[in-house]
Amino acid sequence: HCYLLLALLLYIIHKNFSIVLYLLNYPFFYIIIFIALLRFVYCYKEIFLRKGLRLIMDKIAIISDVHGNITALKAVIKDIESRNINKIFCLGDSVLKSCNSDLVIDLLREKCTVMLKGDCDEAITRPDIPKGRFWTRDLIGEERASFIYNLPVFYEFYMSGYLIRLFHASPFGLDYVFNPMFSNKDTIYSATEIYDAMEMFENTEFIGKTKSDPIPDIVGYGHIHTPNIFRIRNKTIFNPGSVGMPIEMLNDNFYDKTNKFSTVASYIRGQL
């Protein structure tokens, strides 16, 4: 009915504009126009919302474990910027294992909206580490070390109504291991292994949360250098892998069959 009235109005305007001027003297005319506009917005609200969100929604790139590899970081940032992504979040372990931790820190500080602390970051940036203990610590200097040491251990935000929580390894500490691809049982990492995926969603003292705080819908973490994404009980866990060390082995014993390494992304489907 509203559409018919609107069509009739347009026809009247086309034929005789003086009639419109006459109708402007009556309140019901404004009511009809208002109802017609409300109906139009209601019917097409999904289109407006989707197009509007596409224009205003931030695109976020999440990276992790650069480990001092400035060449890899520059390549990744170049790709991110070519996709018009305007925010970069880094999940920690920016230093060690490669020789340009100083340059990596500087570039991350310039490009990242959010930076988190990882276990390797904390290992070499603690204030009690003496000069000469770590080559990388001497390389980055005290100002960079202080900056990295004081980074937050988690970050969370809402997107499309979902609470997303990010940390380096887990909500329990920086050196815990959650790896859905294989177990670290009977290895040097078994003492800090997380076996239940739902533990990754817990509110803990380590991240300053209590039981009364909201539980995240999505969790993102780094640490294991193996990209993966899967769903569990209506929640999502993902890992972006490692920028600087995408292939890494526990190489203390070449013949140890428990040695594992990551080469490709793993997409685990279904409920765990």
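Strand β8, which spans residues 235-239, is mostly covered in this predicted model, with 5 of its 5 residues buried. Here, buried means under 20% relative accessible area, exposed means over 50%, and partly exposed lies in between (1.4 Å probe, protein chains only). Strands, like helices, are DSSP runs numbered from the N terminus: a strand is E with at least two residues, and a helix is H or I with at least four. From β8, K235, I237 and N239 point one way, while T236 and F238 point the other way, and all are buried.

Two strands are said to pair if DSSP finds at least two bridges between them. In general, strands of a sheet pair through backbone hydrogen bonds, either parallel or antiparallel. Strand β6 (residues 218-220) runs parallel to β8, and 3 bridges join the two; G220 has F238 in β8 as its bridge partner. Strand β7 (residues 228-232) pairs with β8 in the antiparallel sense over 5 bridges, and N228 finds its bridge partner in N239 of β8. Together β7 and β8 form a hairpin with 2 residues between them, and R233 in the turn has a positive phi of about 50°.

An open sheet is formed by 3 strands in the order β1-β2-β3, with parallel pairing. Strands β1 (60-63) and β3 (114-115) stand at the edges with a single partner strand each, so one side of each is left without a neighbour in the sheet. Strand β2 (residues 87-90) pairs with β3 in the parallel sense over 2 bridges, and F89 has V114 in β3 as its bridge partner.

Helix α6 (residues 101-111) brings several of these elements together. Its buried residues are S101, D102, V104, I105, L107 and L108. These buried residues of α6 pack against β1, α5 (70-82), β2, β3 and α8 (135-149), where contact means heavy atoms within 4.5 Å.

Helix α3 (residues 27-43) contains L38, which counts as partly exposed because its relative accessibility is 48%. With F34 and I35, L38 makes a nonpolar surface patch of about 300 Å². Patches are made of residues with over 30% relative accessible area and no salt bridge; like charges are joined within 9 Å, and nonpolar side chains (Val, Leu, Ile, Met, Phe, Trp, Tyr) within 5 Å. A salt bridge is a side-chain nitrogen of Lys or Arg within 4 Å of a carboxyl oxygen of Asp or Glu. Accessible areas come from the Shrake-Rupley method with a 1.4 Å probe, and for residues only the protein chains shown count as cover.

Residues are numbered from 1 along each chain as its sequence is written, and side-chain values use heavy atoms, leaving out hydrogens and water. As this is a predicted model, local features need pLDDT of at least 70 and side-chain atom pairs count only at pLDDT 80 or more, while totals for chains, interfaces and linings use all residues.
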